[in-house]
Amino acid sequence: MASLPTDYLYSAEHEWVNSTDVKPGDVVRVGITQYAADQLGEIVYVELPEVGTEAEAGEPCGEVESTKSVSDIYAPVSGEVVAVNEDLEDSAAVINDDPYGEGWIYEVRVTEAGPLMDAEAYAAENDD
């Protein structure tokens, strides 16, 4: 598995949160992992959640479309979406190129963290 940022937390559905200690009130960025991007192939479109909507941990809150398939983006935490990465509207492929940086998808003000794991646990679960 490609190198994972160790200062992020990960969901079983292959999303990341840019924090290792998610607490209510925190604003965190969310994206999909390199593993997910590689499985999807070339990403051509992202349906972003709307600012102001409530994301619920474990529930879909957007979609990623690739040349292979369409996949839901699952919220790794619950809370209000406070920002989206509008650059993805013009260049969704940045998710493939830089999933942990410029390929972030949205920011959320956390009300509750979902089940998240550290990089080591995520890598062990997805080692193929």
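Two strands are said to pair if DSSP finds at least two bridges between them, and the strands themselves (E, at least two residues), like the helices (H or I, at least four), are DSSP runs numbered from the N terminus. The legends below describe a predicted model, in which local features need pLDDT of at least 70 and side-chain atom pairs count only at pLDDT 80 or more, while totals for chains, interfaces and linings use all residues. Residues are numbered from 1 along each chain as its sequence is written, and side-chain values use heavy atoms, with hydrogens and water left out.

**View 1. The open sheet S4-S6-S7.** Three strands form this open sheet in the order S4-S6-S7, with antiparallel pairing. S4 and S7 are the edge strands, each of which pairs on one side only. Between S4 and S6 the antiparallel pairing runs over 4 bridges, and Val46 stands opposite Val64 in S6.

**View 2. The annotated residue Lys68.** The UniProt annotation "modified residue: N6-lipoyllysine", from an unreviewed entry, covers Lys68; UniProt positions are given in the numbering used here, feature names are shortened, and annotations may be inferred rather than shown by experiment. Lys68 sits in the loop between strand S6 (60–66) and strand S7 (70–74). With a relative accessible area of 60%, Lys68 is exposed, where exposed means over 50%, buried under 20% and partly exposed in between (1.4 Å probe, protein chains only). Leaving aside neighbours within four places in sequence, Lys68 is in contact (heavy atoms within 4.5 Å) with Asp38, Gln39, Leu40 and Gly41.

**View 3. The largest nonpolar core.** A nonpolar core is a set of buried Ala, Val, Leu, Ile, Met, Phe, Trp, Tyr and Cys residues joined through side-chain atoms within 4.5 Å. Of the 28 residues in the largest such core, Ile32, Ile43, Val46, Ile95, Ile105 and Tyr106 touch the most other members. Among the elements that give two or more residues to this core are strand S3 (27–32), helix H1 (34–40), strand S4 (43–47) and helix H2 (94–97). Not counting residues up to four places away in sequence, Val46 touches Glu63, Ile73, Leu88, Ala92, Ile95 and Ile105.

**View 4. The loop at Gly52.** Gly52 lies in the loop between S4 and strand S5 (54–55), and at 41% relative accessibility Gly52 counts as partly exposed. Gly52 and Gly79 are 27 residues apart in sequence and 9.5 Å apart in space, C-alpha to C-alpha. Residues up to four places away in sequence not counted, Gly52 touches Glu80 and Val81.
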